[in-house]
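Reader: Hey, I'm new to this one. Could you walk me through it?

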Amino acid sequence: MSKILPMQFLVYLLSYPLLILISFLPFRLLYVLSDIVFVFVYYVFGYRKKVVQANLLLAFPDYTDHRRKEIEIKFYKHMCDMFLEMMKTMSISQQEMEERFVFKNLDVYLDLEKKGKSIAMMMAHYASYEWAILMNTKISFGAFAIYKRLSNPYFDKLIRKIRSNFKTRLIHTRESVGVIERNEIQKNKGLYGFISDQSPRSRGKRHLGLFMGIEVPVFTGAEMLAKRFDMNVIYLKVTKVKRGFYEAEIEILAEDVKNVPDYQITDLFLKKVENQIIEAPEYYLWTHKRWKHQ
């Protein structure tokens with residue numbers, strides 16, 4: 001352990017100045033760099049190419065090899081864009097982000113705030129989930145994002161710093177119950193963001209849901225916490241308009257959550273994500289081993 005941490009620190013120390021430099025690039029140059037990074041990531045290193053190809057085959061078995069290859073290449077280009085856009089978050093102004101990430105119906109969310117309940121926001125690894133932090137500048141409730149720590153503590157701290165811009169507070173998954181409970185006791189209403197399309201551990205009690213026609217274990221944390229603390233539940237549907245520009249739409253999944261049958265909210269969320277993937281599959285994060293416990 002004592003050897004690992006110094007090495008992790010060294011990698012971070014060497015990378016950090018470069019990441020800062022990238023964040024100050026104008027978008028025109030940022031995307032030139034993204035095109036160069038794509039060549040290395042896809043053609044030279046083949047980053048997780050087998051995982052991506054296996055996932056696309058599982059999700060779209062009826063597509064031709066040529067069609068899946070098109071999606072694969074478009075996905076890698078988008079992934080490189082998204083990674084550099086995340087770096088850009090370190091220096092981007094609120095005004096510039098507002099021009100590039102537009103909320104179409106924020107009034108739907110603000111009307112929910114008036115009902116006096118905390119809100120669970122379910123999201124997917126689709127389009128630009130990183131820039132959704134802009135929403136926190138437009139709401140009254142405290143904003144919290146539930147996340148899983150990175151193994152490198154130095155990069156974990158960097159990611160926390162990036163994602164904590166625009167008034168977001170990050171909560172580790174193991175801390176979520178305690179933080180929400182404390183906030184509710186103190187009458188501090190919050191918006192809690194959950195990226196809920198990841199693959200949970202296969203052990204123990206779990207809910208099996210259909211995702212892209214395949215039965216897999218799914219995360220139910222957002223739904224269970226919403227029921228435990230009587231929160232309204234929304235889905236943030238993010239779409240990519242063109243390179244560097246996104247739109248977000250709020251869809252209500254449930255209000256009277258305690259009377260909704262168990263897992264119905266989770267299954268509805270999965271269906272909405274699935275619909276987005278079918279419409280434009282290149283914007284989903286195919287490098288995740290989402291179907292490893294099918």
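This is a predicted model: local features need pLDDT of at least 70, side-chain atom pairs count only at pLDDT 80 or more; totals for chains, interfaces and linings use all residues.

Reader: Okay. Which residues of helix α6 are buried?

Author: In α6, which spans residues 106–113, the buried ones are L106, Y109, L112 and E113. They sit on the same side of α6, because they cover an arc of only 120 degrees around the axis.

Reader: And what do the buried residues of α6 pack against?

Author: They pack against five strands: β1 (101–103), β2 (119–123), β5 (190–195), β8 (232–242) and β9 (245–254).

Reader: Switching topic. Which strand does β6 pair with, and how do they run?

Author: β6 is joined to β7, residues 214–218, by five bridges, and the two run antiparallel. As one example, L210 has E215 as its bridge partner in β7.

Reader: What about the faces of β6, which residues are on the covered one?

Author: β6 covers residues 207–211, and H207, G209 and F211 make up its covered face. On the uncovered face you find L208 and L210.

Reader: How many residues are between β6 and β7?

Author: Two, and the strands form a hairpin. M212 is in that turn, with a positive phi of about 55 degrees.

Reader: Is M212 buried or exposed?

Author: M212 counts as buried, because its relative accessibility is 9% and buried means under 20%.

Reader: What is M212 in contact with?

Author: Setting aside neighbours within four places in sequence, M212 is in contact with A59, F60, E274, I277, I278 and W291. For a sense of distance, M212 and I171 are 41 residues apart in sequence, and their C-alpha atoms are 29 Å apart in space.

Reader: Which other residues have a positive phi?

Author: R48 is one of them, with phi near 50 degrees, and R48 is not a glycine. R48 lies in the loop between α2 and α3 (49–59). Y263 is another non-glycine with a positive phi, near 75 degrees. The place to look for Y263 is the loop between β9 and α10 (264–279).

Reader: How accessible are those two, R48 and Y263?

Author: R48 counts as partly exposed, because its relative accessibility is 38%. Y263 is partly exposed too, with a relative accessible area of 25%.

Reader: Now the surface. Which residues make the nonpolar patch?

Author: The patch is made by L29, V32, I36, V39, F40, Y43, V44 and F45, and has an area of about 790 Å². One of its residues, V32, lies in helix α2, residues 27–44.

Reader: Last one: where is A226, and what does it touch?

Author: A226 is in helix α9, residues 221–228. Not counting residues up to four places away in sequence, A226 touches A120, M231, V233 and V257. A226 counts as buried, because its relative accessibility is 0%.

Reader: How far is A226 from V39?

Author: Their C-alpha atoms are separated by 43 Å, and the two residues are 187 residues apart along the chain.

Methods:
Residues are numbered from 1 along each chain as its sequence is written. Side-chain values use heavy atoms; hydrogens and water are left out. Buried means under 20% relative accessible area, exposed over 50%, partly exposed in between (1.4 Å probe, protein chains only). Helices (H or I, at least four residues) and strands (E, at least two) are DSSP runs, numbered from the N terminus. Two strands pair if DSSP finds at least two bridges between them. Patches are made of residues with over 30% relative accessible area and no salt bridge: like charges are joined within 9 Å, nonpolar side chains (Val, Leu, Ile, Met, Phe, Trp, Tyr) within 5 Å. Accessible areas come from the Shrake-Rupley method with a 1.4 Å probe; for residues, only the protein chains shown count as cover. A salt bridge is a side-chain nitrogen of Lys or Arg within 4 Å of a carboxyl oxygen of Asp or Glu. The arc is that of the directions from the helix axis to the C-beta atoms. Contact means heavy atoms within 4.5 Å.
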